Amino acid sequence: MGAHAGGGFAFGAAAFLVVALVCGGASASPTSAMIVRLAAIPVLALGLWRLSATGAPPKAWFLLGILIATAALILVQLIPLPPPAWRALPGHAIVASVYAAASITPPWLPISLDPAATWDAFLGLIPPAAMFIAARTLGSDSRRMLVWTVLALALVSVGLGMLQMAGGPGSRLRFYAITNPESADGFFANRNHQGAFLALSLPLAAWLAARRWRRGAPPPVFRWVALAGFGLVVMVGAATTGSRAALGLIIVGGVGAALVAMVTRAGGGRGALRLSALYMPAVLALAACGLLALTLDAGLEKAVTARMGPEARLELTPRVAAQGAAFAPFGAGAGSFIPVYRALEPETALHKAFTNHAHDDYVEVWLEAGLPGLALIAAFLVWWVMTSWRAVARSQGAGLGLAGSVMIGMLLVHSLVDYPLRTSALGVIAALACALMLAGRDNIANPSAA
């Protein structure tokens, strides 16, 4: 594998990142999902080949294990079971009653109550897996190119949002039929996800600005001016979404970006750990404020309050959690939220609005994947905390590792009141952030991997 081949793969990974962000901004668009998955297949195949040739760093195996376990769990939910077995599963009595009422002999059925949606959820793992493996087999220069790609697309998405606003609700620049027609959605169908994407770019921009700034050296004025300009554009872009969720995430992202810049300058190690410990209360306080803003999101008030009642989202979470308990411990099947929720939704909660997600990804995972799904989330949280600590403690790659950690933390908070990771675009960004968290001395540094 020569340097030319490695460089070609880096450009291919960057091109895939562009496709994922431009075409993967909706959680329920079969066409866009197909485009992103088809683009991901060659990247995943080449990434696995490069991984087999070089070997995965030990610290990457834990996360790869979580990814493999997630895929295995989804596939297990698709295994056909004999009627006595699936009838005994919690929550599946309603299916048995349908066959009994129709006087039809029950066939073999899987755990999932919506096998097509579960299979789609399995295929949805391909794009983030491709990005994570690709980023892990690239050298530092190539990873930096991916970071620049994210920042460039953030600016383009802001500009697109401005043009959408200028064109009004009927603008042809809106990519999706189901969207927020009065807001700047950029590449996304949901303006909250546009705001999340813009906020996620801030820690990366801060790392680039402070990358070569060391103690005793004069501040890189041009870089800081560029960072300030980028931050201003992103803030304006978030404001045009009309979403309080975007505002909350921008605040958290800005605070996280400041911490990233300081840790990058400190160069990691004990000093960076002490700095992070002193700075963390401010981060947590503003994260709480951001979470409050997310909970009171204006998009909820406009899109949901008028049609579903003022407390719709607050009522939805416990309702879905109760439905999940009915299917515990195995769940109703990945991706099965829509048919399961509609079948069990009480009459008093029926509305004209279409509920496509729980707006709390943790309870939605509880409904769809039961205890195994929650166990995988817990395993990921353990990995995130431990890897974040190690990222700051090391002397090389601390700033970039912390930038990835801040990005994941923002998505974890956002997932409490939304479903950002169910879009291919933000799923790929999350996978890139995970790979950046592992950046450091253990990364492949030979020229062929660059």
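**Salt bridges and ring pairs in a predicted model**

Let's start with a charged pair. Asp120 and Arg37 form a salt bridge, with their closest N and O atoms 2.7 Å apart. Asp120 sits in helix H6, residues 115-123, and Arg37 in helix H2, residues 30-54, so this bridge ties together parts that are 83 residues apart in sequence. How exposed are the two ends? Asp120 is partly exposed, at 37% relative accessibility. Arg37 is buried, at 13%. Keep in mind that this is a predicted model.

How many salt bridges are there by this rule? The count is six.

Asp141 pairs with Arg144, and the closest N and O atoms are 2.5 Å apart. Both residues lie in helix H8, three residues apart, which is about one turn of the helix. Arg144 counts as buried, because its 17% relative accessibility falls under the 20% cut-off.

Now the loop between H8 and H9. Here the side chains of Arg174 and Asp185 meet in a salt bridge, 3.1 Å from N to O. Both residues are in that loop, 11 residues apart. Arg174 is buried, and Asp185 is buried too.

There is also a network. Salt bridges with shared partners join Asp361, Glu364, Glu368 and Arg422. Look at Glu364. Glu364 is in helix H16, residues 361-393. Is Glu364 buried or exposed? Glu364 is buried, with a relative accessible area of 1%. Its side chain makes a polar contact with the side chain of His357, at 2.9 Å. Leaving aside residues up to four places away in sequence, Glu364 touches Val320, Phe337, His357, Ala358 and Arg422.

On to the rings. Searching the whole structure gives six aromatic pairs. One of them is Trp86 with Tyr99, a tilted pair with 6.3 Å between centres and 55° between planes. The pair links distant parts of the chain: Trp86 is in helix H4, residues 83-87, and Tyr99 is in helix H5, residues 93-101, 13 residues apart. Trp86 is buried, at 0%. Tyr99 is partly exposed, at 22%.

Phe175 and Phe187 make another pair. Their ring centres are 6.1 Å apart and their planes are at 35°, so this pair is tilted. Phe175 is partly exposed, at 39% relative accessibility. Phe187 is buried, at 5%.

Last item: a charge over a ring. The charged end of Arg211 sits over the ring of Trp207, 5.9 Å from the ring's centre.

Definitions and conventions:
Residues numbered from 1 in each chain as written. Predicted model: local features only at pLDDT ≥ 70, side-chain atom pairs only at ≥ 80, totals over all residues. Heavy atoms only, no water. Phe/Tyr/Trp six-rings, centres within 6.5 Å; stacked < 30°, edge-to-face > 60°. Helix = DSSP H or I, 4+ residues; strand = E, 2+ residues; numbered from the N terminus. Buried < 20%, exposed > 50% of the residue type's maximum accessible area, 1.4 Å probe, protein only. Lys NZ or Arg CZ within 6 Å of the ring centre and 35° of its normal. Polar contact = N/O pair within 3.5 Å; in protein donor to acceptor, adjacent residues only side chain to side chain. Contact = heavy atoms within 4.5 Å. Salt bridge = Lys/Arg side-chain N within 4 Å of Asp/Glu carboxyl O.
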